[in-house]
Amino acid sequence: MKIHLSILLLIIAFSAFSPKENIKKIYLIGDSTMADYSLYEGEDYMKDRYPLMGWGQVFQPFMNKENLKSLQGLVNADSVIVDDRARGGRSTRTFFEEGRWSAVYKELEAGDLVIMQFGHNDAAVEKTERYVTVEGYKEYIRLFVTQTREKGATPIVLTPVARNYPWEDGHLQNVHGEYDSAAKEVAEELGALMIDLNQRSMDFFSEKGQEFVTDNYFMNFGPGLYEAYPEGQKDNTHFQPAGAKAVAELVLEGLKELAGSIK
């Protein structure tokens, strides 16, 4: 009995002094191109949305041990949980006004990351319920960056991912106007980390070619293929799974470059 008790005491002592796993979170805040549609309450994803997919929906698998080694200095953790709070139709303003940012801010801890990607809906002048002027867009990004830092977390500003238009001479062009440069300006002004996802995605999609990208990356397909879209779909803003994964890889590449610059 004494032997068993001694072993038990050793196990307890070892457990008390063994290092705990260091787990951090990466919060994703943004719009439909980043959203995880499988998390939408009251919906059956496969019936109601698939194959629609935001790049944040496939980002967790990229946070494996091998990639985390390349992200040291930026993400110092044994493991990472991707917490995707992005939501379709949201601009910087509506994301804030609906309390979505407040919910993230309350949970933020030192060492976490906040990756922000807005712009698609901010620029929608015809949709007054979500539209934000360029200056307003910049103010909200400033707020997200500043308040993230208040919690000891790291903000990363992304320019909005490209849409599948316009194409000129085989190269995809910027459709986001001043909202693209506005995100860069705020990041430079505040000394925040930045990934130019707009340029990265324009270049990457251009390399793949308009026909390939249109058919495989964006939501373009004929009728009868998916339950959620019985009549088919023609959508050059939102992604199919292959497109979501490709953009997630572009974001990962950007994070690795930022980590390398920190080292």
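A nonpolar core is a set of buried Ala, Val, Leu, Ile, Met, Phe, Trp, Tyr and Cys residues joined through side-chain atoms within 4.5 Å; buried means under 20% relative accessible area, with a 1.4 Å probe and protein chains only. The model here is predicted, so to speak for local features a residue needs pLDDT of at least 70, side-chain atom pairs count only at pLDDT 80 or more, and totals for chains, interfaces and linings use all residues. Numbering starts from 1 along each chain as its sequence is written, and side-chain values use heavy atoms, leaving out hydrogens and water.

**Exercise 1.** Find the largest nonpolar core and the element that gives the most to it.

*Solution.* Start with the size: 52 residues. Those with the most contacts inside include Trp55, Phe59 and Phe205. Next, go through the elements (DSSP runs: helices H or I, at least four residues; strands E, at least two; numbered from the N terminus). Those giving two or more residues include strand S1 (23-30), helix H8 (197-208) and helix H10 (241-262). H10 gives the most, with 10 residues.

**Exercise 2.** Work out which residues phenylalanine 205 is in contact with.

*Solution.* Contact means heavy atoms within 4.5 Å. Skip neighbours within four places in sequence, and you get Ala162, Trp167, Leu172, Val213, Tyr217, Phe218, Phe239 and Val247.

**Exercise 3.** Is serine 32 buried or exposed?

*Solution.* First place serine 32: the loop between S1 and helix H2 (45-48). Its relative accessible area is 9%, so serine 32 is buried. Then check its side chain, which makes a polar contact of 2.8 Å with that of histidine 238. (For a polar contact, N or O atoms pair within 3.5 Å; within protein, one must be able to donate a hydrogen and the other to accept it, and residues adjacent in sequence count only if both atoms are side-chain atoms.)

Key:
Buried < 20%, exposed > 50% of the residue type's maximum accessible area, 1.4 Å probe, protein only.
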